[in-house]
Amino acid sequence: MAPILNIALAQTTVSTSPEKNLQTARHWIRRASDQGADLVVFPEMFMARPRQDVALAQIAEPLDGPFTAKLSTLAAEHSIAVICGVWEAVEGEATRAANVAIALGPDGRLLARYNKIHLFDALSVRESDQMTGGNTPPPLFSLNSIQIGLAICYDLRFPELFRNLALRGADAVIVPSAWYAGPLKEDHWLTLLRARAIENTIYVCGANLAGSPFSARSAIFDPFGAPVAGSGEDEMLVCGQIQQARLGEVRAKLPTLTHVREGLFND
């Protein structure tokens, strides 16, 4: 039987307290495990919502710090993989922190780390004032023989990142996000998730924060752009499957990736 990955997107609110957010994580991890999920995904910056009066560097931790350690313990306790947005401490930075997505295996082991490449300096927001951006393409890692890549929020507006992951063998890209609400923003979010899935014949799964000022609307799209699961604005688990058989079916009739003219454009 072709591999299947059961995924649960935890569409939840976030507080300014890492300790409180760990309690929230415990709740959703337990629920996702009870529903048979292999992987639960928390949104971007789930470790702590930024505050104007506290520098992110004061909240951030090394990846072997207490927040990730406790999250790792929860993953192992429930035998479920976890993806989560955290603030990683950066040597020499007195105010800023790295905006990072981590992937933990069902044994709690760190599988992947990705530092957000594209910082959201747009629409009256300047993430670069608080965050340091990465310079390395996202890694790939495997769960249930499914190849998974990572992207974070604003990365959705840069199709080359997703094409790079697809050409490297990604079956799915998971996108932890803190996508803001606003005029047409929800439409942009859903359109971009779907477009990245269609143009690369991959699954794209966006886990977004709920509660003001965020738009929620977490969603999963399959490699043909068909919606697998979606949500409204409330806190909830958005559950679906990543099916390798579906990937093969779509790519057999729409072999887009084999038609890519690498080197012809400014790759």
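Guide: Let us begin with terms: two strands pair if DSSP finds at least two bridges between them. Helices (H or I, at least four residues) and strands (E, at least two) are DSSP runs, numbered from the N terminus. The model is predicted, with local features needing pLDDT of at least 70 and side-chain atom pairs counting only at pLDDT 80 or more, while totals for chains, interfaces and linings use all residues. Residues are numbered from 1 along each chain as its sequence is written, and side-chain values use heavy atoms, without hydrogens and water.

Visitor: Which residue takes a positive phi in the hairpin of E4 and E5?
Guide: Strand E4 (residues 97-104) and strand E5 (residues 110-115) are antiparallel partners over 5 bridges. One of the pairings puts Val 100 with Asn 115 of E5. The hairpin has 5 residues between the strands, and the positive phi, near 85 degrees, belongs to Gly 108.

Visitor: Which residue in E15 stands opposite Ile 7?
Guide: Strand E1 (residues 4-11) has 6 of its 8 residues buried, where buried is under 20% relative accessible area, exposed is over 50% and partly exposed lies in between (1.4 Å probe, protein chains only). E1 pairs with strand E15 (residues 236-243) in the antiparallel sense, over 8 bridges. In that strand, the residue opposite Ile 7 is Gly 240.

Visitor: What is the bridge partner of Leu 9 in E2?
Guide: E1 also runs parallel to strand E2 (residues 39-41), with 3 bridges joining the two. Leu 9 has as its bridge partner in E2 Val 41.

Visitor: Which strands stand at the edges of the open sheet of 6 strands?
Guide: The order of this sheet is E9-E10-E11-E12-E13-E14, with mixed pairing. An edge strand has a single partner strand, so one side of it is left without a neighbour in the sheet. That describes strand E9 (140-143) and strand E14 (227-230).

Visitor: What angle does the direction of helix H5 make with that of E12?
Guide: Strand E11 (residues 172-177) and strand E12 (residues 203-208) run parallel, joined by 6 bridges. Helix H5 (residues 185-200) packs on the sheet and touches E11, E12, strand E13 (219-221) and E14, a contact being heavy atoms within 4.5 Å. Axes are lines fitted to C-alpha atoms, for helices over the stretch in contact, and angles run from 0 to 180 degrees between N-to-C directions. For H5 and E12 the angle is about 155 degrees.

Visitor: Is Asn 200 buried or exposed?
Guide: Asn 200 lies in helix H5. Not counting residues up to four places away in sequence, Asn 200 touches Phe 162, Arg 163, Ala 166, Arg 251 and Leu 257. Its relative accessible area is 0%, so Asn 200 is buried.

Visitor: How is the direction of H1 classed against H3?
Guide: Helix H1 (residues 18-34) and helix H3 (residues 66-78) pack at about 15 degrees, with axes 10 Å apart. Angles under 35 degrees count as roughly parallel, over 145 as roughly antiparallel, 65 to 115 as roughly perpendicular and the rest as oblique. H1 is therefore classed against H3 as roughly parallel.

Visitor: What relative accessibility does Arg 246 have?
Guide: Arg 246 is placed in helix H6 (residues 244-253). Beyond its neighbours within four places in sequence, Arg 246 is in contact with Tyr 203, Asp 222, Pro 223, Phe 224 and Lys 253. Arg 246 counts as buried because its relative accessibility is 18%.
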